[in-house]
Each structure stands twice: as structure tokens, then as C-alpha cells.
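This report goes through a protein chain part by part. Please look over the sequence and the structure before reading on.

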Amino acid sequence: MQEIARVLKSNGSEGELVMSFTGLSPEEIDTEEPVFIYVDGLPVPFYFESFVQRGNSRALVRLTGVRSLRDADELAGASVYAEDGLYEDEESSVEGWTVVDQNGRTVGQVSGYEDIPGNLCLAVQTKEGQEVLLPFHEDLVLGADRENRILQLTVPDGLLD
């Protein structure tokens, strides 16, 4: 199973949920395919009944079987999974890529994504073993070498100090 989202919270009293997607944008989600949430240690399949995108990385959703605020609250904080391979697109993920700053210096390797509201960030493991968060916005991307898996970013002053 591949983690694709996290249930952030319930929304309203009808069982709607706010989900935050990691490494994918909501428009990439195939709402015809099931997602899985672990309940009592077992992966339980859920289907989307409704799906409304909210920004670049969130959606307001209704899942089968989730009908009340109580049901939705039980899922708050849960990870949401999809079947392996369903969303694997090496061209859209930069996990494992090397990040180079605007001066050509190696910053580190992308270890994941962090969705700070309104600001998607890359989690980068530096050469010194520290993790730093770098804003990941198209205006800051200077170049991407897919063959060598190198991402060149404008790193704002002070972020690496």
C-alpha cells in the first residue's frame, strides 16, 4: 500500500472529511478507485461518494460508510492509502532527488513533502544529517534534470543557516 493522503479533520455533521494529499495533487486522484484506511489493524476499503478540491493539496470528501460526525471524527488523523502502483509516476515525484541551490551548491536529498497550509515544502536531508524544509513552488524551481535526478531551487536567504 502507498500512502497518498491524511485525514485532517471532520467537516460538518454529515460525515464529510478534509484530506491533505502528499506527493499528489487532488486532481490526480482517481475517484473511481478505492482508498484504504486501517481500522483495528486491517485495511478497510472506502470509495469516494463526493470529492471537491480545496486548494493545491486538499479536498473535501465523502466516503462510503461515513455518515455522521462521529464516524468522521474516528477517522481524523488517519493515513489514507492506495494500492501500490496506482499513483506511481516517477516523473511527478522528486523524492530521492538531489537539491542544488541557485549557486550550484548541493543542499541535500529530498526525503518527503510537508504540506504547510498554502505552502508545500520539500523535506530535505542535508549532508550534515539535518532535515530542512524548503518551499516548493514553481517560481522557485530553476531547473530539473530528470535523468540525473537533480532539482535546482532558489533557496531563500537564511533557510540553511
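## Aromatic rings

Which residues do ring pairs link into a cluster? They are Phe21, Phe48 and Phe51. The model is a predicted one, and the descriptions below apply to that prediction.

In total, four aromatic pairs are counted. One of them is formed by Tyr38 and Tyr81, in an edge-to-face arrangement with 5.4 Å from centre to centre and 90 degrees between the planes. This pair links distant parts of the chain, since Tyr38 belongs to strand 3 (residues 35-39) and Tyr81 to strand 7 (residues 79-82), 43 residues apart. Tyr38 has a relative accessibility of 40% and therefore counts as partly exposed. Tyr113 and Phe136 also form an aromatic pair, which is tilted, with 6.5 Å from centre to centre and 50 degrees between the planes. Here too distant parts of the chain are linked: Tyr113 is in strand 9 (residues 106-116), and Phe136 is in the loop between strand 11 (131-135) and strand 12 (141-145), 23 residues apart. Is Tyr113 buried or exposed? Tyr113 counts as buried because its relative accessibility is 16%, whereas Phe136, at 24%, counts as partly exposed.

In soluble globular proteins, nonpolar side chains tend to be buried together. In this model the largest nonpolar core has 21 residues, and Ile4, Met19, Ile37, Leu63 and Val80 have the most contacts inside it. Two or more residues of this core come from each of strand 1 (2-11), strand 2 (16-21), strand 3, strand 6 (58-63), helix 1 (69-75) and strand 7.

Met19 shows how these parts meet. Beyond its neighbours within four places in sequence, Met19 is in contact with Ala5, Arg6, Val7, Leu8, Phe48, Ser57, Arg58, Ala59, Val61, Leu63 and Val80.

## Strand 6 and its partners

Why is strand 6 described as largely enclosed by the rest of the structure? The reason is that five of its six residues are buried. Strand 2 and strand 6 run antiparallel and are joined by four bridges. In this pairing, Ser20 stands opposite Arg58 of strand 6.

Strand 5 (residues 48-54) also pairs with strand 6 in the antiparallel sense, over six bridges. Gln53 stands opposite Ala59 in strand 6. Strand 5 and strand 6 make a hairpin with three residues between them, and Gly55 in the turn has a positive phi of about 85 degrees.

## Thr64, in a loop

Thr64 is located in the loop between strand 6 and helix 1. With a relative accessibility of 28%, Thr64 counts as partly exposed. Leaving out neighbours within four places in sequence, the contacts of Thr64 are Phe46, Tyr47 and Glu49. Thr64 and Pro34 are separated by 30 residues in sequence and by 9.9 Å in space, C-alpha to C-alpha.

## Ser79, in a strand

Ser79 lies in strand 7. Its relative accessible area is 14%, so Ser79 is buried. With which side chains does the side chain of Ser79 make a polar contact? One is the side chain of Glu3, at 3.2 Å, and another is the side chain of Arg6, at 3.1 Å. Apart from residues up to four places away in sequence, Ser79 touches Glu3, Ala5, Arg6, Phe36 and Ile37.

Technical notes. Residues numbered from 1 in each chain as written. Predicted model: local features only at pLDDT ≥ 70, side-chain atom pairs only at ≥ 80, totals over all residues. Heavy atoms only, no water. Phe/Tyr/Trp six-rings, centres within 6.5 Å; stacked < 30°, edge-to-face > 60°. Buried < 20%, exposed > 50% of the residue type's maximum accessible area, 1.4 Å probe, protein only. Core = buried A, V, L, I, M, F, W, Y, C linked by side-chain atoms within 4.5 Å. Contact = heavy atoms within 4.5 Å. Pairing = 2+ DSSP bridges. Polar contact = N/O pair within 3.5 Å; in protein donor to acceptor, adjacent residues only side chain to side chain.
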